[in-house]
Amino acid sequence: LLDLDDYAAAREEAQRLQASDKTGALALPTLLLLSRYVVDKNRPEEAQRLHTELLGMELGASTRAYVLVLNGESLRQAGQATEARDRFDAVRQAGAPAVFGGYAGVRLAQIDLEARELAQARVTAENLLAGTLPPAQHAAALLIAGEASYGLREYDRAASFYTRYLAELPQ
């Protein structure tokens, strides 16, 4: 149904599945799929309702981190940077798996960059680069650090980050 862009029917089916699924083995993955769909389609009202429902459920640490990342992403798309920052901070502070923690860190640095909090964006990006990140997140952190350094008129430092980005550019 989501392939047909029929969110209402998909949500209705998910509710039926949830009512009949006593163990949650099928309902939870279905709700997570719906959540990702509404974030990808930039539908913040539906996303907020789904995320509130999901966060009210008993979730494992990784699943909770994933929902918080999706919620933060939806809030960021809706222009609610402060609320998005809160969600991404929660992911980082909860000791989430590295893939979610790294993603949240990159988003925090990006929010700082967009808010012209350049020094904070650079520090956050540099802290991320000191750890291990998946290639796409590593590349994003390098670009954010370079952009923040450039905005701070630290041109040599910016050049260093951009050079690293080009040298380590994912194939």
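User: What makes the span of helix 8 (residues 135-151) close to the expected one?

Analyst: Helix 8 has 17 residues and reaches 24 Å from its first C-alpha to its last, close to the 24 Å expected. The expected span is 1.5 Å times one less than the number of residues, and a helix here is a DSSP run (H or I) of at least four residues, numbered from the N terminus. This is a predicted model, where local features need pLDDT of at least 70, side-chain atom pairs count only at pLDDT 80 or more, and totals for chains, interfaces and linings use all residues. Residues are numbered from 1 along each chain as its sequence is written, and side-chain values use heavy atoms, leaving out hydrogens and water.

User: Why is helix 8 called roughly antiparallel to helix 9?

Analyst: Their axes, lines fitted to C-alpha atoms over the stretch in contact, come within 8 Å and cross at roughly 160 degrees. Angles run from 0 to 180 degrees between N-to-C directions, and those over 145 count as roughly antiparallel, so helix 8 is roughly antiparallel to helix 9.

User: Which residues of helix 9 meet helix 8?

Analyst: Among them are Tyr-155, Phe-161 and Tyr-165; contact means heavy atoms within 4.5 Å.

User: Why does Ser-74 count as buried?

Analyst: Buried means under 20% relative accessible area (1.4 Å probe, protein chains only). Ser-74 has 3% relative accessibility, so it counts as buried. Ser-74 lies in helix 4 (residues 61-77). Leaving aside residues up to four places away in sequence, Ser-74 touches Val-39, Pro-44, Ala-47 and His-51.

Definitions and conventions
Helices (H or I, at least four residues) and strands (E, at least two) are DSSP runs, numbered from the N terminus. Buried means under 20% relative accessible area, exposed over 50%, partly exposed in between (1.4 Å probe, protein chains only). Angles under 35 degrees count as roughly parallel, over 145 as roughly antiparallel, 65 to 115 as roughly perpendicular and the rest as oblique.
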